Structures are given as structure tokens and as C-alpha cells.
Amino acid sequence: MNIRKTVARAAGIGAVATAALGLFSTGAANADTFVPLPGGELTKTLSDGTVVTVKLVGESANISGSMGATPVHRNAWVSASAQVEISGNNSDVGGKIFPGYVVGCQVNIAGGGANGGVTGGASWDSEGNVTPSASVNTGGNLTLGPGQAKAFYVLDLEQADDFGSETHKVRNKFSGSSGSVTWADSTIGLSGCGGYAQARAFVSVEVETDNVVSWVTLWGQPFSLG
């Protein structure tokens, strides 16, 4: 039995991501399936002329037989890098990067998951932009039934608040005109789903200038969990 650990590298800051552990068994009957994914790129011009470009690069998934060894269990490890560049007006304002995934059981998540009634830590607007909600979820160990979908964030960054108490953030905050976050072998563990299951990456970026606060969300390609 091998142990894989999530590695989240937050550009420009010294925060450390909480480790997420994935377990898998070796052998021909439970061989991993490596799935290269195309990532993506999105450029949006805000109302004040600020240009935000979001990229998802080096994206992949490694699908493995779950330790549950039943049709209702799925296991995968996902890796990618989210990169953000700001140009035009207010090019040095910085921003916040929120990377995550939507997982669905017997539900179409091709439209970002909004049609599937996604729950857990995020909400969608009419343009498909993801914004955090009060019940933020981190970690990809999920239980879903048919017709259900759930969102979770990759990052769990431990920081001290203004009073020295421990807090956890699901975003990387960067300054200047660019920032990035890279994660490797982040766990998606799904149980309770007896039918087909899918997952899809998203990168949501918040940019605040003197004139506007805006969200830009890039969606990755859906992929099967089996």
C-alpha cells in the first residue's frame, strides 16, 4: 500500500496547505488509469478595462480502484496548475485564486454543475462563475447518491488571524500582476454512487480594483471517475 500526499504550492506566499492522503492497492486488477486533460484558458475584460487571464495547465487525473472495492466506490488523484495574469488598467491589483472540483453522480456537470443542484461551499451565478459560500468544503472525500453533485476546494491553507488564532483559507492571495497555485495528487474519494460518476476542475479568481469587484471562473473538461 502506497500513500500519496497532496502538495499545494502557493506562489508568492509562505502558507502551507493541509495534506490530503490517498490510499491505493497495487496489482494488475487495480491498475491505475492515467487521464491527461486539456486544461484551458479564459480572458475577461472587466468593466473598468482591467484584463484578467486565467489558465489551467498540466491537468491530469489518475483513476484507481477504491479501497472499498465495490461499484459504489471511486478513487482518483488529480493534478494541475492554475495561473492568473492581470493586465490593462489596474494591472498590479493582485487577486485571490480559488481552485476546486465539482463531482457528480449520475448527473450532467458539463455546464459547470449548475444544472445538477451542486451543494457544498460554492454557488454559481448565471454566467457560471463560482463564489464561495458560508459552508466551505475542503477535501475530496464525498458521499453522493444518484442525481447529486458537490463542490470542494483543493486548498486548505493554515494562517494566523489578527488575534493569532488559527484560520484556514481555501484561496491563494497574490499581489502584483500574476499569481499561481499548483497541486499534485489531490484526492477525490467518492462513495455511495452506484452509477456513472464524473468530476470537473474549476479555477475561480476574485479581482478587486478601485472601481469593481469581479469574479472570473475557468472550467476544465469533465472526466469520468468510472
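Visitor: Is Pro36 buried or exposed?

Guide: Buried means under 20% relative accessible area, exposed over 50%, and partly exposed in between (1.4 Å probe, protein chains only). Pro36 has 57% relative accessibility, so it counts as exposed. This is a predicted model, in which local features need pLDDT of at least 70 and side-chain atom pairs count only at pLDDT 80 or more, while totals for chains, interfaces and linings use all residues. Residues are numbered from 1 along each chain as its sequence is written, and side-chain values use heavy atoms, with hydrogens and water left out.

Visitor: Where does Pro36 lie, and which residues is Pro36 in contact with, leaving aside neighbours within four places in sequence?

Guide: Strands (E, at least two residues) are DSSP runs, as are helices (H or I, at least four), and they are numbered from the N terminus. Pro36 belongs to strand β5, residues 33-36. Contact means heavy atoms within 4.5 Å; with neighbours within four places set aside, Pro36 is in contact with Glu59 and Ser60.

Visitor: How many salt bridges does the structure hold?

Guide: Side chains of opposite charge can pair when their charged atoms come close. The rule for a salt bridge asks for a side-chain nitrogen of Lys or Arg within 4 Å of a carboxyl oxygen of Asp or Glu. The structure holds 1 salt bridge, in which the side chains of Glu206 and Lys96 meet at 3.8 Å, N to O. Glu206 lies in strand β18 and Lys96 in strand β9 (residues 95-105), so the pair ties together parts 110 residues apart in sequence. Glu206 counts as buried at 16% relative accessibility, whereas Lys96 is partly exposed at 27%.

Visitor: How many aromatic pairs are there?

Guide: A pair of aromatic rings is described by the distance of the centres and the angle of the planes. Rings of Phe, Tyr and Trp (its six-membered ring) pair if their centres lie within 6.5 Å; planes under 30 degrees apart count as stacked, over 60 as edge-to-face and the rest as tilted. The count comes to 6 aromatic pairs. One of them, Tyr101 with Trp183, is edge-to-face, at 6.4 Å centre to centre and 90 degrees between the planes. This pair links distant parts of the chain, with Tyr101 in strand β9 and Trp183 in strand β17 (residues 178-191), 82 residues apart. Both Tyr101 and Trp183 are buried.

Visitor: Which residues do ring pairs link into a cluster?

Guide: The cluster consists of Phe98, Tyr153, Phe202, Trp215 and Trp219.
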